[in-house]
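Thanks for coming. Please have a look at it before I go on.

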Amino acid sequence: MQAFAAKPPPLVADEHGVIRVSGTRIQLETLVLAFDAGATAEGIAQQYTSVELADVYAVISYVLTNETAVRDYVAKRVNSAQALRTVIEGSMPSDGIRQRLLARRHQASGM
């Protein structure tokens, strides 16, 4: 009998290749970026309550052990998100949105 049994990190990839913490909707890059911003494991677990503290530590350990691969993955995901944001913002310009929303509110209040 072994005193300790090694467990794989609690990470799963979905059909689109997005890596999430097992049993949650929390993406790997969410935890990595929070950790990079200076959040502690405890702080991350408090902010993302669907993730157990032990899983946060396991993910951090995995990230530190596989830093190059994880950094490449996170960079691709961040770039992909930015490209999508650019497409959305291009198709839905935000010019004058505040004025339109205020006008809508004014109309709805009957003033």
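In helix H1, the buried residues are Leu28, Glu29, Leu31, Val32 and Ala34; buried means under 20% relative accessible area, with exposed over 50% and partly exposed in between, using a 1.4 Å probe and protein chains only. Helices (H or I, at least four residues) and strands (E, at least two) are DSSP runs, numbered from the N terminus. This is a predicted model, where local features need pLDDT of at least 70, side-chain atom pairs count only at pLDDT 80 or more, and totals for chains, interfaces and linings use all residues. Residues are numbered from 1 along each chain as its sequence is written, and side-chain values use heavy atoms, with hydrogens and water left out.

What covers the buried residues of H1? The cover includes strand S1 (11-13), S2, H2, H3 and H4. After H1 comes Gly38, with a positive phi near 105 degrees.

Next, H1 against H4. They pack at an angle of about 105 degrees, with axes 10 Å apart; axes are lines fitted to C-alpha atoms, for helices over the stretch in contact, and angles run from 0 to 180 degrees between N-to-C directions. H1 and H4 are therefore roughly perpendicular, a label for 65 to 115 degrees, where under 35 is roughly parallel, over 145 roughly antiparallel and the rest oblique. On the H1 side are Leu28, Glu29, Val32, Leu33 and Asp36, and they meet Val70, Arg71, Tyr73, Val74, Arg77 and Val78 of H4. Contact means heavy atoms within 4.5 Å.

H4 itself has 25 residues and reaches 36 Å from first C-alpha to last, close to the 36 Å expected at 1.5 Å a residue; the expected span is 1.5 Å times one less than the number of residues. Val70, Tyr73 and Val74 are buried in H4. The buried residues of H4 pack against strand S2 (19-21), H1 and H3.

H3 and H4 pack at about 100 degrees, their axes 5 Å apart. That makes H3 roughly perpendicular to H4. Here Tyr62, Val63, Leu64 and Thr65 of H3 touch Glu67, Val70 and Arg71 of H4.

Last, the core. The largest nonpolar core has 19 residues, and Val21, Leu28, Val56 and Val59 have the most contacts inside it. Such a core is a set of buried Ala, Val, Leu, Ile, Met, Phe, Trp, Tyr and Cys residues joined through side-chain atoms within 4.5 Å. Leaving aside neighbours within four places in sequence, Val56 is in contact with Ala41, Ile44, Ala45 and Val51.
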